[in-house]
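I opened this structure for the first time today and kept notes as I went. The entries follow the order in which I looked things up.

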Amino acid sequence: MNKLAIIGGNPVRDTKTNPWPKWPVWDKNEEKGLIETLNSGIWSYNGPMEKEFNRMYAEFIGVKYALSAANGTVTLQMALEACGIGLGDEVILPGLTWQATAATVLDVNATPVLVDVCEDTWCIDPEEIRKSITPRAKAIIPVHLYGSFANMDEIMKIAKEYNLFVIEDCAHKHGGEWNGKKAGSIGDIGSFSFQLSKILTAGEGGALTTNTFSLYERLDALRNCGRRPEPPDSSKADKGEGLYFDEGNFLQSGNYRITEFQAAILTEGLKRLPEQNRIREENAIYLNSLLSQIPGIKPMKRDNRETKEVYYNFSFRYDKKEFKDLAVQKFRAALSAELGIEIAASYIPLNKCSLYAPLTKPARHKLSEYYWEIINPSRFNLPVCDRVHYEESACVHHKVLMGPKSDMDLIAEAIRKVYQQAESL
Ligand SMILES: Cc1ncc(COP(=O)(O)O)c(C=O)c1O
């Protein structure tokens with residue numbers, strides 16, 4: 001029998017002769033867009049590439065307004081500010097997410113309230129949201145994590161009941177649909193990241209989406225040093241600055257703008273995205289059908305309201321009892337060795353995550369003794385997040401879903417190989 005690769009056997013996939021699909025993806029069109037931008041001399045500041053991308057992105061998400069920005073962290077911060085959230089307000093978010101979802105709440109001096117997730121989607125648990133609501137609650141930030149979708153029906157119902165804003169963190173969900181509506185078009189504001197690992201990328205970048213004009217106006221000002229949006233009729237613009245100064249600046253803010261080079265890359269990437277999403281979804285459905293036949297492996301739950309699923313990571317749940325008690329850390333290492341690609345754990349729960357450490361910054365965050373106490377993440381108890389991260393999660397980059405169906409067969413074969421030889425580790 002061929003031994004496990006981690007102890008010297010031949011791997012299921014030899015990535016030297018059979019590499020995984022590459023990420024990011026680009027071609028001559030990106031090169032052309034970049035060179036044209038370079039030669040135009042318009043490298044930033046509400047340029048034609050940015051405007052075209054914003055128009056295309058609004059159309060793609062199915063919202064009235066889309067604004068691009070520097071990254072998917074500042075978009076969250078601006079979304080919170082646009083909703084008027086600040087000191088004394090509580091913002092409810094899942095304990096299993098990238099640190100930015102919570103850190104940006106601190107950046108506007110509000111209080112992050114970490115709640116537990118559903119065990120089968122790893123997205124925020126609506127029941128836990130209900131339990132955590134106090135009169136100070138002002139917003140919910142659901143995160144559509146990896147290949148899952150937060151239960152937007154329940155979340156919107158709760159938000160309506162308690163008059164809360166909903167800011168969808170769509171850093172992983174460019175094009176995913178719930179009941180035929182795209183992520184980022186369901187809540188008040190959608191926040192997207194275009195960082196290198198994301199399914200639409202310019203290396204760095206972000207976007208905000210909304211259907212509400214007053215929010216759009218504030219978001220546009222926030223990303224552009226507080227200036228008002230340019231009016232639709234450019235003849236009204238002050239020619240000196242190219243800006244609309246009739247009413248003066250109306251918000252204090254900074255520079256969170258994107259460059260024309262990023263917008264040029266994003267415009268081309270967006271043209272490719274629907275087909276890439278289709279391929280990833282088709283492969284994920286097939287792979288999940290194979291995984292569901294392996295003892296100890298549970299595919300993530302796909303709600304039948306998820307009319308289109310997109311995958312930032314492909315993830316699944318592992319049960320060591322079926323693998324002769326092999327710890328998940330060893331399982332992931334063995335699978336990585338078979339497949340020649342990192343199999344990672346989920347995000348670290350935010351009550352234990354070293355990158356989410358508000359108490360390392362007293363000069364910024366010690367607004368009062370009370371605030372100092374309530375922003376301490378260790379006060380939250382997140383048993384499902386803990387179980388997911390420390391015992392059950394396995395996640396792999398979305399590029400593995402971009403190849404042929406036979407790649408999915410190989411992934412399933414590698415898991416079966418670890419299953420059959422778990423005792424040897
Ligand atoms: C869920 C989530 N939210 C927000 C962000 C922040 O995006 P960015 O890296 O573009 O700042 C990320 C980035 O990984 C993310 O995964």
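**Overall form.** I began by noting that this is a predicted model. I then looked up the secondary structure and found 13 helices and 12 strands in the protein. I read the extent of the C-alpha trace along its principal axes as about 75 × 55 × 40 Å. I wanted to set the radius of gyration against a rule, and because a compact globule with 425 residues would have a value near 22 Å, the 23 Å of the protein agrees with it.

**Burial and contacts.** I checked how many of the 425 residues count as buried, and the share is 49%. I also looked at contacts between residues at least 6 apart in sequence, and noted that 72% of them join residues at least 24 apart.

**Helix 2 and helix 8.** I turned next to helix 2, residues 48–61, and helix 8, residues 260–291, which pack at an angle of about 35° with their axes 8 Å apart. I recorded the crossing of helix 2 past helix 8 as left-handed. On the side of helix 2 I listed Met49, Glu50, Glu52, Phe53, Met56, Tyr57 and Phe60, which meet Glu260, Ala263, Ala264, Leu266, Thr267 and Leu270 in helix 8. Sorting this contact by class, I have nine nonpolar, one polar and three charged residues.

**The ligand.** I finally looked up what surrounds the ligand and found 14 residues, of which Gly72, Thr73, Trp98, Ala171 and Ser193 are the closest. By class, I noted four nonpolar, nine polar and one charged residues in this shell.

How values were computed. Residues are numbered from 1 along each chain as its sequence is written. This is a predicted model: local features need pLDDT of at least 70, side-chain atom pairs count only at pLDDT 80 or more; totals for chains, interfaces and linings use all residues. Axes are lines fitted to C-alpha atoms, for helices over the stretch in contact, and angles run from 0 to 180 degrees between N-to-C directions. Helices (H or I, at least four residues) and strands (E, at least two) are DSSP runs, numbered from the N terminus. A crossing is left-handed if the near helix is turned anticlockwise from the far one by less than a right angle, and right-handed if clockwise. Two residues are in contact if their C-beta atoms, placed from the backbone, lie within 7 Å. Ala, Val, Leu, Ile, Met, Phe, Trp, Tyr, Cys and Pro count as nonpolar, Asp, Glu, Lys and Arg as charged, and the others, Gly among them, as polar. The radius of gyration is taken over C-alpha atoms; the globule rule is 2.2 Å times the number of residues to the power 0.38. A residue is buried if 20 or more other C-beta atoms lie within 10 Å of its own, exposed if 12 or fewer, and partly exposed in between; C-beta atoms are placed from the backbone. A residue is near a molecule or strand if its C-beta atom, placed from the backbone, lies within 6 Å of it.
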